[in-house]
Amino acid sequence: MSAPVIDVRRVHRIYESAAGYVHALKGVSLTVARGEFLCIMGPSGSGKSTLMNLLGCLDTPTLGTYLLEGVDVSTLDDDELAELRATRLGFVFQSFNLLPRATVLRNVVLPLTYTDVPASERRGRAEQALAAVGLPQEFFDHRSNELSGGQMQRVAIARALVNDPAVILADEPTGNLDQATGQMVLRTFRGLREQGKTIVLITHDAEVASWADRTVHIRDGRLLTDEEERAAVAASSTRGRGRT
Amino acid sequence: MKARDLAYETFSALDANRGRSLLTVLGIVIGISAVIAMTALIGGVKQAMIGELGLNQARLVYIQCWYNRSMEVSDVEALEAEMADDYEYVTPLVWSGTDVISDTEKKSASIQGVWPSFFEATGVKLVSGRFFTEQESDTGALVTVLDQASVKNLFGNADAEVVGKTLRIAGAEYLICGVTESSGAGGSNPDYVQLYLPFSTCCSRVQGFTTVDQVYGFAREGSDMDAVAQRTTDWLARRFAVPEDERENAIWVYTMASTIEELNSMMMSFQVLMTSVASISLLVGGIGIMNMMLTNVTERIREIGLRKALGAKSRDITRQFLLESICLTMVGGLIGMALGYLGAFALSGLAGSLLGYGEGTALTPYLDLQSMLLVAGICVAIGVVFGYYPARRAARLDPVESLHYQ
């Protein structure tokens, strides 16, 4: 078995905020194998977004190491991190984050403009990525704000795919979608998983998590085993009942 | 990020804010059009001066001296010989006047006795025939050169074939050997006639004495005209034994270059004034641009976060916003140049009459490439100066925070 795509070892992340220090991650260790579809599940405020930002090289750990494809991210400067994001990472956001007035194709091509992929290859790669997420060709030249939510999120997934990243990071990708559309988007991720893509998806929804190969739980900045998670859920629901 | 992608981003961003962008660049437009209008007008005046005077005029030195006696031909010859390093030639002029009789007319003429080198020094242009030769000049031949206006007044038609014909001047027959362009001095006065005669002929046959009224020195190319004038003054002071305190009254050495210089410096101070007014407008315009760019950055915080997440480096973001502000100022500059140039045309009639070029002779505004490039450079500089802070601010945004900015 090859080395893991993501190898996080005892990572801490401490913020300085107006209210004092916030210990958002407390010694998180996590590996993601190549071709795996991992779900990180946790309630809001659990530190899952912080973890996602670290995995996406948008942020660096206060303590601990993060190896992305064997490269220690903490040794890289801002430009090298940007380079890594441009070539090795793909992002899918809850709110899609498409450029509203730009066409679908332009949106998908955007990450390539920050790489050295020659201009002549870009369109082809964007079309391929759009085909992979199943968006019909007639939408390619539409402005992205003319699309439905499900279509927008598929465009966003295509954008995450276009640079052939080592891993696709999806932060609540179905959070702004209705049930049926969410299912379609999840099917798209599942399809990419079958094509051998590595996917890390963050959610608070167990139904969404059921699409993944493996789920880890995060609570108060710590990753929990399934038993610990069950115990924690039971405890919180007991407390909840006690209060009513 | 490649130049083409940058250009695309810039274009689409500006296109999205067309109305706001245009309003914002108004300050630049006004400032630049004021500068351009002024520069074009002054350029037009200079062009008109050069056209009117001829380039030779810049090398011409007018020399007169009177101290106990007038200048003589021998003085001119000595000056030419002794200051050969400074002058290509020195040539005398004597003014005279007498009646001139053609086949049909009899007019009173103003006569200038000159050496052949006079024509070259003053840049008088021939229309037909030739100037008189050194030999004719030396021997006092009976030849004459006249201008087209005089031809018209003597022969009824400015284009009449008169070379080879004769004129009767002071009782002798003179062969017309050449016709020059009209000097314009006489205007359309039908009694005006002006002739050139060889200097010696004029002295001996018309004037009756040999003093020189005016001397022209034609300086060597590239001379420092002020220095030449100074050396000439010194030379004359020695030759005429003029005491130090009499120099001002006795010696008159005057260069066209110094006139042009004076006019230039007058216009320069005018331009400096105008430019300082315009630069206030440019400053205000620049601040407007900065304001708009800051608004732009704030409006697009999420987009900036997204771009960073997708792999944009800080310098990609800096360049993108910097190029936007440069584009804004350049568009403003181009509009300003066009408006300013048109404005110069509108003002040229007024400026022409103010400068004494007369009613009908509106001058043509003139803009050289150098000033246009300078203005373009100023626009880019304003774009950089006032766009840098917003662009850096955009580039420094934290990707995590900006992605979740509401």
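**Close-up 1. The β-α-β unit of chain A formed by β7(A), helix α6 and β8(A).** In this predicted model, strand β7 (residues 167-171) of chain A, helix α6 (residues 179-194) of chain A and β8(A) together make a right-handed β-α-β unit. The two strands of the unit, β7(A) and β8(A), pair in the parallel sense over 4 bridges, and within this pairing Ala170(A) has Leu201(A) of β8(A) as its bridge partner.

**Close-up 2. Strand β8 of chain A and its pairing with β3.** Strand β3 (residues 37-41) of chain A is joined to β8(A) by 5 bridges, and these strands run parallel. Here the bridge partner of Cys39(A) is Leu201(A), a residue of β8(A) that is also the bridge partner of Ala170(A).

**Close-up 3. Burial of strand β8 of chain A.** Of the 5 residues of strand β8 (residues 199-203) of chain A, 5 are buried, so the strand is largely enclosed by the rest of the structure. Both faces of β8(A) are covered, with Ile199(A), Leu201(A) and Thr203(A) buried on one side, and Val200(A) and Ile202(A) buried on the other.

**Close-up 4. Packing of helices α11 and α14 in chain B.** Helix α11 (residues 256-299) of chain B packs against helix α14 (residues 369-396) of chain B at an angle of about 20°, and their axes are 9 Å apart. That angle makes α11(B) roughly parallel to α14(B), since angles under 35 degrees are classed in this way. The crossing in which α11(B) passes α14(B) is right-handed. On the α11(B) side, the residues that meet α14(B) include Leu282(B), Gly286(B), Ile287(B), Met290(B) and Val297(B), while on the α14(B) side the residues taking part include Ile382(B), Phe386(B), Tyr389(B), Pro390(B) and Arg393(B).

Notes. Residues are numbered from 1 along each chain as its sequence is written. Chains are lettered from A and ligands numbered from 1 in the order in which they are written. This is a predicted model: local features need pLDDT of at least 70, side-chain atom pairs count only at pLDDT 80 or more; totals for chains, interfaces and linings use all residues. A residue is buried if 20 or more other C-beta atoms lie within 10 Å of its own, exposed if 12 or fewer, and partly exposed in between; C-beta atoms are placed from the backbone. Two strands pair if DSSP finds at least two bridges between them. A crossover is right-handed if, with the strands pointing away from the viewer, the path from the first strand over the helix to the second runs clockwise. Axes are lines fitted to C-alpha atoms, for helices over the stretch in contact, and angles run from 0 to 180 degrees between N-to-C directions. Angles under 35 degrees count as roughly parallel, over 145 as roughly antiparallel, 65 to 115 as roughly perpendicular and the rest as oblique. A crossing is left-handed if the near helix is turned anticlockwise from the far one by less than a right angle, and right-handed if clockwise. Two residues are in contact if their C-beta atoms, placed from the backbone, lie within 7 Å.
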